[in-house]
Amino acid sequence: MRLNIVVLFVLSCCSLIIMDHALYAAPVTWKKDTFGGGQLSWRKGGPLLQVSATSQLPSTPWKMGEGHLSFPHLSPSDAFAVRQSPLPTGDKIYEADIRISEGDVAGLVFQADSSGSPCYGVLLSAQSRSIRLVYLPWPGADLHIVPAPVERNRTHRLQVAVQKRGQTTHVEIALDGKPITRYDESRYTPAGNHCGVMVNNSVSRFERLGVSLRNVDGSKGAALVEDTFAANTRSLYAPHALPFPVRWQEGAFTFETQFPVSGQGAGAVAELKHSIASPRHLWLPHLSPYEDTVIGDHSFRSPAIVLADDKRVFALVPNLDDVRDAQQNGWRVWLDYDHSHRLIRVAAGNYQVGRFHVGYQVAPVAYRGQKLRVRLHVLTSERADDIQNPYAMVGRWLWQRWGSAGYKAGGSQRAPLSRYSEYVANWAFAPEPKGWGDTVWQQFAIDGKECGAPAFIVDVAQHPSVPLEKRSWREQRSVWNQAWFSTQRTANGLLRYARQINSPDLARRARLMTQVALSAPQTDGLFPSVYTAGGGGHQLYKDTPGWEQARWTNSDRRPPAASPAAVHILDAAFTARLLLEWHDLNPGEGEALEYVRRFADRLCRLQLPSGAFPGWVEPDNKLVPQLLEGPESAMGASLLLDLYKRFPQQLPYRQAALKVLRYLETGPVAQSRWEDFETYYSCSRWGEERIGQTVTRNGVYKSNTFSPFWCAEAFLLAHQVLREPRYLKIGRRCLDELSLYQQVWEPPTIPAPTHGGFGVMNADGEWNDARQSLFAPLYLDYYQATGERGYFERGVSALRASFAMMYCPENMQVKAAYERQHPFFGPESYGFMMENIAHGGPGPNPIGPFTIFTWGNGAALEAAAKIRDRFGDIYVDSRRQHAFGIDGCSVTIRGSTLHIRDRYNRASLVLKLAEQSRRITLQNGQATVALPTSERRAAQGITAMNWLSPAS
């Protein structure tokens, strides 16, 4: 039977218009076979997809004590393997022969229990050639780090002797028979008496494992465990999964079956084999680079598998309502993609975190007779625009199906944005006991000039209730101006906010923060990014050098070949752009502009023959080979375009920008090669030995969301400054791929509002990452350039999500999660905010122990202040007949009047109309405002963008 594909949308619409664009659905034919599968054929010949109702999974035995062991990143209950029966209490010696063959970290855990509760770990790091004593589960506290000659593919004997004396744990560590270090720990007292092994971001072989009692003289006593950690071998996969029958219904594959009433297994799995031999575009929600890895639904933010060749686009989109039902009924959805075999799997089952940070591996699911349904919507098109940019087609459908409704329902916002900003300012700057200002705000002099800034990172160990003599710095006490942690970005935002609320004190602090950036010494235009007083690794205040001993260095998120003195060109270009923004906010001041131009002149001289800018430059002008070229160059392009707009007579800026734009267009953008410093030199280090190569099994690059964002920004600026429409098209292609990392729904497994937030990359687990505040204004800029309402909705949703992780009474769900982890929190901590949630994948402890002003609460304040300056609380675009409520309000057009409703019953709001701002007075949370005469005719027919109150 010949059918037209009609995507299931609301009430099974026969035609579909999304975001003012028609979604073309190419006709296909579905032929069912007698085994519960079938074949989907393309209109212009040949099968498009072959569906099999069953799938045989590879069998992967998991035997502790031998073989290649891959354990999950530390966060869920099975984050490390433990002996099945507890060991006797008393002093012990733990030892293992460990060979790290791939990745970074492996070691021993002790004082554990079988539930995954807190414990200690001693870990070998092949990357940094060090030994780490950490407190787990992740995010763990680095208690002690020492250099050690750790090497990959070499068997090391790690020996850990432990003594308990009252509240103090004495730990002695030896490597290959040589003592390495001793550490006395008294803050954490895990009570477990199990032990285990851990692999994080590695594949390792444990060739010998043992535990002995420790004699009084320190020697080894009676053996408790020898050679093996567990007697039983269990498989992470059942050899055969249950069949998952499929039927074709309303433009979607509907897989349905039922679990047995008892037992456990691999769940139900079906296979789909596509016929697109050479896709030009390929996108997956997550990497599954090994046969035993899958794409877990924890990565389903805007989930799709997207394939496009020169003739067609084909995409499969999991139905998120089905995914929600699965998570609420004790099972999970996962996908898998094997590129070389053109094989897609869909499953109703379970998975765990494993193989690397963050990968997913199939795990047994408990059978309780659950009814299963997973729908995969099929989107197809032959339109040239969709073939060139299939991400737009898929992203629009996802936003219209789930995201737009969430926007209209208020998204992740639970309080006025001004209330959130008040909490941030009080937390960061109010002295104890009212806030954390005594720790957060650091004031010092650089070369005789008064400077100040929020400290880089603040931990719960610095809570005002902790005695001063027991407080410690989690990482080095420092101030950063880097692509993540940008003091200058938050300085610009703090100045805007200070002017909005008329606060001379906050304006003064913003100027002191800017003085830090301007004090970074320039050498032929280049300058460092970090000013540090040293310390770190939970070093006590009394042991941390004062600011008078501070020095300049650079971000440690860098390749191994880069020295601390190497300047990261991305960081410098980002800071330079922010100094240009500071100059725009203070046009009478010239110091920032001169500083930026010195850097820009050097940047032009650094340009490589390809048009790219190098990643890292050493003081002797040598270039670091890793990530020598890549999408980070987009930041340099944006800076040069910003300057050329101001100085059109400076043709070298224009010429260099054109060269880098050509490089980006034909290189990273054409290839979807989104590799930058965070892709490989942050938490998710898997694959750093494969830079510049696609992941063989998946056919895509390991990708980070920063890169498409920077490219989208650069090409929009190119369109605006150089006035070439094709640049806008390229920029939209980058932004639309970025949009597939935006969260369009609210998973029941994450204890926080999530709508509108962003993930980080296709190999990590974060939701609600702080980058959403950075991305939000760009979506509004693209709305202004294109008039596409979905961009504005996405930008506002990202802004609202920027405060979703804040500890405050209005964020009730999040507040409860914080207090479960940190029961000593109270009003003094309103404004504390983790940078993301569920970083390590699904697990019981999604809330962490630290906050970063420049990559969290202060960054959210910056975005809110910038957007309020530019768009107000209510934005009306009469030329395009669009109206938007931004900050907790809705607006409708009736005739020649605006009707405004405010959820928070405020007395007034700022209305932005035709580039003019006007404060609107409200009564009982409502107002009716007459449009200016010149706007009335244009405003007829404005589409209302209402939203309802979110559930409390």
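Biologist: How many salt bridges does the count come to?
Modeller: The count comes to 56 salt bridges, where a salt bridge is a side-chain nitrogen of Lys or Arg within 4 Å of a carboxyl oxygen of Asp or Glu. This is a predicted model, in which local features need pLDDT of at least 70, side-chain atom pairs count only at pLDDT 80 or more, and totals for chains, interfaces and linings use all residues. Residues are numbered from 1 along each chain as its sequence is written, and side-chain values use heavy atoms, with hydrogens and water left out.

Biologist: What makes glutamate 95 and lysine 220 a salt bridge?
Modeller: Their closest N and O atoms are 2.8 Å apart, and the limit is 4 Å, so the pair qualifies. Glutamate 95 lies in strand E10 (residues 92–112) and lysine 220 in strand E18 (residues 220–226), so the pair ties together parts that are 125 residues apart in sequence. Strands (E, at least two residues) and helices (H or I, at least four) are DSSP runs, numbered from the N terminus.

Biologist: Why is glutamate 95 called buried?
Modeller: Its relative accessible area is 3%, and buried means under 20%, exposed over 50% and partly exposed in between (1.4 Å probe, protein chains only). Lysine 220, at 40%, therefore counts as partly exposed.

Biologist: How do you know that arginine 508 and aspartate 505 are about one turn of the helix apart?
Modeller: Both lie in helix H7 (residues 504–519), 3 residues apart.
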